[in-house]
Amino acid sequence: MNAPIKPQETPRHRVLAQIVGNTKPEYEKVLTPDALLFLADLERRFGRTRRNLLEDRQDRQGRFDYGEMPGFLPETAHIRSGMWEVAEIPAALRDRRVEITGPVDRKMMINALNSGAKMFMADFEDASSPTFDNMVQGQINMFDYARHALAHSDEAKGKDYTLNAETATMLVRPRGWHLEENNVTVDGRPMSASLFDFGLHIFHNGKLLAEQETGPFYYLPKMENHREARLWNDVFNFSQTFVGIPHGTIKSTVLIETLPAAFEMDEILFELKSHITGLNCGRWDYIFSYIKTLRNHKDFVLPDRAQVGMDKAFLRAYSLKLIETCHRRRAHAMGGMAAQIPVKGDEAANDAAFAKVKADKEREVLAGHDGTWVAHPGLVPVAMDVFNEHMPLPHQILRKQINPRVDEESMLTPHTGDITEAGIRTNISVGIEYIAAWLCGRGAVPIHNLMEDAATAEISRSQIWQWLRHGASVRREDGSIAKMTSDLFDQIFDEEMDALRSRTSEEEFKAGRFLLASEIFKKTATSVDFVDFLTLPAYRALQTLN
């Protein structure tokens, strides 16, 4: 085992990360002087590389905008053709047939861990609104979990929540490389949100979880290339030495949720091969990234979100390519999210939701996926039954199967279908309602019997932007065809806002921050230049509210 190391001992590096946001006494449990010193060291060692990589993203997107297409890299062909595998998967991660995801709220964490799923991904990113209180309270929950002290008492309901004797294995998703934590600065600059989330967790819990053989395990979001994976690998190597755990103890799963990353799956696995167990089809963010990456090209306009399914076009190719790549490298190929949730008071709608989940999970397991995601504890048994029936072993990594060859063209083929007035209305209403909830501190929000998160809000506003940019043909409710224009958008937008106001009282409308949410949605959906992430302007607004 490696001996722990100390942060660099120059006078400059004795300066702690500075807390500039509002604090509470309980924050001292995790925001200790030693932890803040470690965070500062992480930022100083790796922050510049992160910022350089983000600049590289902008340069590459500029080339896409002017006609270059994403594709497999010629300079890494030797990695794709080479004979190599990832390191052995630890026992705690071998059977991942059903994973549940959710925010880092204390009660929801306990319910997810007790849900019967094999894994629980505690999400500091898309399923959590990044108020400083949410982020730090989430770290306190992680601290207690590692010490078998995670419990919650709901005095209003007179109910106590405790962990069962057997629970899901915990994986933690820090925020993506593009995000910053404005409430913590290093040398006067906001620090990386990724390094803040990961750093606090590994500092306080890494050694304990390693000793219990239940971690530390992570999900890594929104990377766009293998060099971003290399940065995570460097962070892992340093952090393992710092906390005193053996090289390769940290294990990660990378979400392939950007179009450029889908062409570098082998390379991402290779960069992290000592610290990775698989890849995941982050389907909702992937749809958003497809729109974002190919935004300037009319041939890649997508139909209504409801018509963009995993069973065809670029999504099917991406799923099959992920399975093929992972299994060749002895890694897990994880399926994507079922966003449906149980429907109370409507048996027919509930049966329909469960049937959709079952069909989606059957598609995944029969294609070769080793596990899947659900968003609600009530859907764990449905997904579990499907995988138990078709996957008797812990995974399908060694299963021999023949899938169609996946080439660059199939990875880019758009879905066909209609753009409808109903689809525009759904995007507007869902986008505004989700952003409003996010501004109020909630990151996983049930809307129209689906669990929406930041990724689906990104689809909503980016589809509007794409349809406006290319003057898409829209099927109106009366059957006529109209061109998507600013005037048409404004008309439907105003009607949806009026409908929202009619469903809420004036007090509820104001408290729910719907007006601010509508402004953010409209600006990001109609701006001349595409806003890279909805959460960037939304986070600036969030900072003024908390």
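Glu228 is buried, with a relative accessible area of 1%; buried means under 20% relative accessible area, exposed over 50% and partly exposed in between, using a 1.4 Å probe and protein chains only. Glu228 forms a salt bridge with Arg57, and their closest N and O atoms are 2.8 Å apart. A salt bridge here is a side-chain nitrogen of Lys or Arg within 4 Å of a carboxyl oxygen of Asp or Glu. Helices (H or I, at least four residues) and strands (E, at least two) are DSSP runs, numbered from the N terminus.

A quick word on the model: it is predicted, so local features need pLDDT of at least 70 and side-chain atom pairs count only at pLDDT 80 or more, while totals for chains, interfaces and linings use all residues. Residues are numbered from 1 along each chain as its sequence is written, and side-chain values use heavy atoms, with hydrogens and water left out.

How many salt bridges does a search of the whole structure find? The search finds 46. One of them pairs Arg283 with Asp360, with the closest N and O atoms 3.0 Å apart. Arg283 belongs to helix H9 (residues 283-293) and Asp360 to helix H11 (residues 347-367), 77 residues apart. Arg283 counts as buried at 7% relative accessibility, and Asp360 counts as buried at 14%.

Arg475 forms a salt bridge with Asp418, where the closest N and O atoms are 4.0 Å apart. Arg475 lies in strand S16 (residues 473-475) and Asp418 in the loop between helix H13 (408-412) and helix H14 (421-439), so this pair ties together parts that are 57 residues apart in sequence. Arg475 is partly exposed, with a relative accessible area of 38%, and Asp418 is partly exposed at 37%. Elsewhere, salt bridges that share partners join Asp123, Glu125, Asp126, Arg173, Lys222, Glu257 and Asp285 into one network.

## A three-stranded sheet

Three strands make an open sheet in the order S1-S7-S8, with antiparallel pairing; two strands pair if DSSP finds at least two bridges between them. Strand S1 (18-19) and strand S8 (189-192) are the edge strands, each pairing on one side only. Two bridges join S1 to strand S7 (residues 180-186), and Gln18 stands opposite Thr185 in S7.

Helix H5 (residues 193-212) lies across S7 and S8, running at about 60° to S8. Axes are lines fitted to C-alpha atoms, for helices over the stretch in contact, and angles run from 0 to 180 degrees between N-to-C directions.

Tyr218 lies in strand S9 (residues 217-220). Is Tyr218 buried or exposed? At 1% relative accessibility, Tyr218 counts as buried. Leaving aside neighbours within four places in sequence, Tyr218 is in contact (heavy atoms within 4.5 Å) with residues including Leu171, Phe198, His201 and Ile250. Tyr218 and Glu166 are 52 residues apart in sequence and 20 Å apart in space, C-alpha to C-alpha.
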